Amino acid sequence: MNKSIVLGTSLILSSVILNPAVMSTANADIVATHEVVAEQQSGLNRAQLTEQLQREDVREQLVRFGVDPEEAIARVASMTDQEVMELTAGIEQMPAGAGVSVSVSVILIAILIWLIFFR
Amino acid sequence: MTARIILILVVLLGLNHLTGCATAPMQYRSLNTAELQAVELVDTPFFPQEAYQCGPAALATVLVTSGVGEATPENLKPQVYLPEREGSLQPELLGAARRADRIPYIIQPQLSALFAEVEAGHPVLVLQNLGIPRWPRWHYAVVIGFDPVREQVILRSGTTKREMMSLRRFEQTWQFGSYWGIVVTEPEAIPVTAEPVRYLAAVSALEQQQRFAAAIRGYEAAQRRWPSEYTPAFGLGNIAYQQGRYADAEMHYYHATELASEEPAVFFNLAWALLRQGKRDEAILSAEMAQMLAPEHSRYGVAVALIENAE
């Protein structure tokens, strides 16, 4: 019980320390450039900025999808708030560019040919 | 026999239905290919890729072109490859480019923007869907040229060093990939099709991640390209502030106020840069400006109190 609390706390702490996006909030006095740019982009809408919890959620998802835990921290830190939001919406549904394999249409055409000529 | 005919009909109908999904108008029909130059960026490196590895390979291709000599698919794989999906996601490619101190920029979803970048010497990393919308087969490739006579697009793709694809077929695969493409340039060479606000957002992402050296190069290049934009000076001021160079920050913020005299954010940050240098009265004046420009805002609206109460 105690052990898991210690482990959980140290995990959160390490991600906070290692996450550059969090380090910059040390300068909470000035307004950050990305906030102003986000306001310019979204017009009158208030800039939508991610919470640390969302970054933590994406980090966990990446680990679940097979990424090394240390590497997952660095990956999440290299993303913008908007990109983190996109991943929060679902890693499962996003396009994952991969190599060349046999396409579905090729399979369908093969079935057709088989049906016509070989049955 | 009847069963076989019915089966064939069903399969045919299925094919027809699946390919009939894309109803959006194609751009290539209205593209004046005669006005396009024949171009092929023959010096673009080529990393033949194993199965599922087109993300790291395509990224390495554009990173090396942008001067990141040490980029290879092998050392990018841990940064972008997602084992359980057997591929790479778009945000991770963008993130990995930032980790190499480059400013990735998503181009306009248009063939004209794509070819303008290639003509300017910037290969474009594109997301293609080589399957069909319902059963996608996602693939990353790098567009390196265009042949206007044959109307063919030239790509570094998969294990093919010089893939020629008809413009129509290319656009179809790119359209299925939502016309997503990125250019990765040296920070001094802003993409020719870049729009100021979106490009500055791309630079500010590096600033947010404390990659200050690359962000400074990006903002300085943006100042030269768009001298009337205030955001580059604002960003340079914010970097100087975060590095504790308050006098430099003040100078950049003053420059920004000359370009945008009605932006409360600039006066707000200027107030902090002045305060950090002990110029308390000037700081309060600047805070009053911010407050006057945005009295309802949650931070600017209380700027004077924030500055007065800061130690």
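This is a predicted model: local features need pLDDT of at least 70, side-chain atom pairs count only at pLDDT 80 or more; totals for chains, interfaces and linings use all residues.
Residues are numbered from 1 along each chain as its sequence is written, chains are lettered from A and ligands numbered from 1 in the order in which they are written, and side-chain values use heavy atoms, with hydrogens and water left out.

**The sheet**

- An open sheet is formed by 3 strands in the order β1(A)-β3(B)-β2(B), with antiparallel pairing; strands (E, at least two residues) and helices (H or I, at least four) are DSSP runs numbered from the N terminus, and two strands pair if DSSP finds at least two bridges between them.
- The edge strands, each pairing on one side only, are β1 (96-97) of chain A and β2 (81-82) of chain B.
- Leu89(B) in β3(B) is the bridge partner of Ala96(A).
- Helix α4 (residues 90-99) of chain B lies across β2 and β3 of chain B and runs at about 75° to β3(B); contact means heavy atoms within 4.5 Å, and axes are lines fitted to C-alpha atoms, for helices over the stretch in contact, with angles from 0 to 180 degrees between N-to-C directions.

**Helix α2 of chain B**

- The buried residues of α2(B) include Cys54(B), Pro56(B) and Leu63(B).
- Just after α2(B), Gly67(B) takes a positive phi of about 100°.

**Aromatic pairs**

- Over all chains, the whole structure holds 10 aromatic pairs; rings of Phe, Tyr and Trp (its six-membered ring) pair if their centres lie within 6.5 Å, and planes under 30 degrees apart count as stacked, over 60 as edge-to-face and the rest as tilted.
- Phe234(B) and Tyr253(B) form a tilted pair, 6.0 Å centre to centre with 50° between the planes.
- Phe234(B) lies in helix α9 (residues 231-242) of chain B and Tyr253(B) in helix α10 (residues 246-259) of chain B, 19 residues apart; both residues are buried.
- One aromatic cluster is formed by Tyr105(B), Tyr199(B) and Trp226(B).

**Phe267 of chain B**

- Phe267(B) is placed in helix α11 (residues 264-276) of chain B and counts as buried at 10% relative accessibility.
- Among the residues that Phe267(B) touches, not counting those up to four places away in sequence, are Thr257(B), Met289(B) and Leu293(B).

Technical notes: Buried means under 20% relative accessible area, exposed over 50%, partly exposed in between (1.4 Å probe, protein chains only).
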